[in-house]
Amino acid sequence: MNHENKELAIEVKGLVKIFGEKRAVDGVDLSINKGMVYGFLGPNGAGKTTTIRMLATLLRPDEGEVRIFGHDLFTEADVIKQRISLTGQYASIDEDLTGFENLVMVSRLVGYTRQEAKVRARDLLHAFDLDDASAKQVKNYSGGMRRRIDIAASIVGTPDLLFLDEPTTGLDPRSRNQVWDIIRALANVGTTVLLTTQYLEEADRLADRIAVINHGKVIAEGTSNDLKASIGNNTLSVQLEKEDNLAQAVAILEQTLQVSVHKQDETTVTAQVNDTSRVVGALGEIYSQNIEISDFSLSKPSLDEVFLTLTGETAEQESGVKEGQA
């Protein structure tokens, strides 16, 4: 491991955590640059939360090397704790207190004076669009408001590294978009964000790079486009006006594209295309034979398809092991 790399927020080599006979995390390697939003994806029970808890100093690894901003996790945990935060780590979020009172209390806990704490609380309530709810008890907040106050509490001390463990699970689309805006804003001011999520769209929109973990191992890593390209080709779909032309269209496409073409219904065919430059010529050849096309599309694999191909599960599918135990 390169101990001198000052551009990395997180360096992990051979990370292992064992519960009984189960290797919940089994040799994870990660390199995450400063200021990056890094997506950490995997089925339930794959090892995401256990990995996060180890990196956040809440759970001691059984094996491996970990450095956070160059500091060794085993020998400099106290230094690391001063630079990181984890959503949900503050037991001091009291539902019987108001949003303002909670943020003042957390601010005092991290070292602000009483006056500074009030200023910090007001600033965060404004930044998270919670001004109107500042005097309400947190137990009366909506799910989206509660999630925002949780994240606000997590960044009271302006962490260099923020762990967000499924921050939008269960939220409606509007609230989810609000949390996404917050995450983007944090990254824009230089905070490194490690994000676990079950929502593939969330990772696709937010993450600069993504790691897919399954059975405790990282099985793929790269940008969203890298992962999509890794599982196969683009998909061409062609829909004809008349079913009588289907056989002829299939023959033309197979000859010009040099790939297998599959019938989807009486008027629609699809093909996996690697060389997209051939597509225009193939469609032109169909038109030249007076075969009418009602619609066509050329699309990359979705991140959902990547996830399904790599793990054999959908992102929301239960794997039978609780994540808190893996």
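**Salt bridges and domain layout in a predicted model**

Asp-29 has a relative accessibility of 36% and is therefore classed as partly exposed. The structure is a predicted model, and its salt-bridge count comes to 14.

**Asp-29 and Lys-13**
- The side chains of Asp-29 and Lys-13 form a salt bridge, with an N to O distance of 3.7 Å.
- Because Asp-29 belongs to strand E2 (residues 22-33) and Lys-13 to strand E1 (residues 8-19), the contact ties together parts that are 16 residues apart in sequence.

**Glu-95 and Arg-146**
- Glu-95 pairs with Arg-146 in a salt bridge whose closest N and O atoms are 2.7 Å apart.
- Glu-95 sits in the loop between strand E6 (84-86) and helix H3 (99-109), while Arg-146 sits in helix H5 (residues 143-154), so this bridge joins parts that are 51 residues apart in sequence.
- Glu-95 has a relative accessible area of 41% and is partly exposed.

**Arg-209 and Glu-221**
- A salt bridge connects the side chains of Arg-209 and Glu-221, at 2.8 Å from N to O.
- This pair links distant parts of the chain, with Arg-209 in strand E9 (residues 209-214) and Glu-221 in strand E10 (residues 217-222), 12 residues apart.
- Arg-209 is partly exposed, its relative accessible area being 26%.
- Glu-221 is partly exposed as well, with a relative accessible area of 34%.

**Salt-bridge network**
- Arg-23, Asp-26 and Lys-217 are joined to one another through a network of salt bridges.
- In general, side chains of opposite charge can pair when their charged atoms come close.

**Domains**
- The domain assignment divides the chain into domain 1, made up of 8-83 + 159-229, and domain 2, which covers 233-300.
- Taken over C-alpha atoms, the centres of domain 1 and domain 2 are separated by 41 Å.

Notes:
Residues are numbered from 1 along each chain as its sequence is written. This is a predicted model: local features need pLDDT of at least 70, side-chain atom pairs count only at pLDDT 80 or more; totals for chains, interfaces and linings use all residues. Side-chain values use heavy atoms; hydrogens and water are left out. A salt bridge is a side-chain nitrogen of Lys or Arg within 4 Å of a carboxyl oxygen of Asp or Glu. Helices (H or I, at least four residues) and strands (E, at least two) are DSSP runs, numbered from the N terminus. Buried means under 20% relative accessible area, exposed over 50%, partly exposed in between (1.4 Å probe, protein chains only). Domain bounds come from an automatic or database domain assignment.
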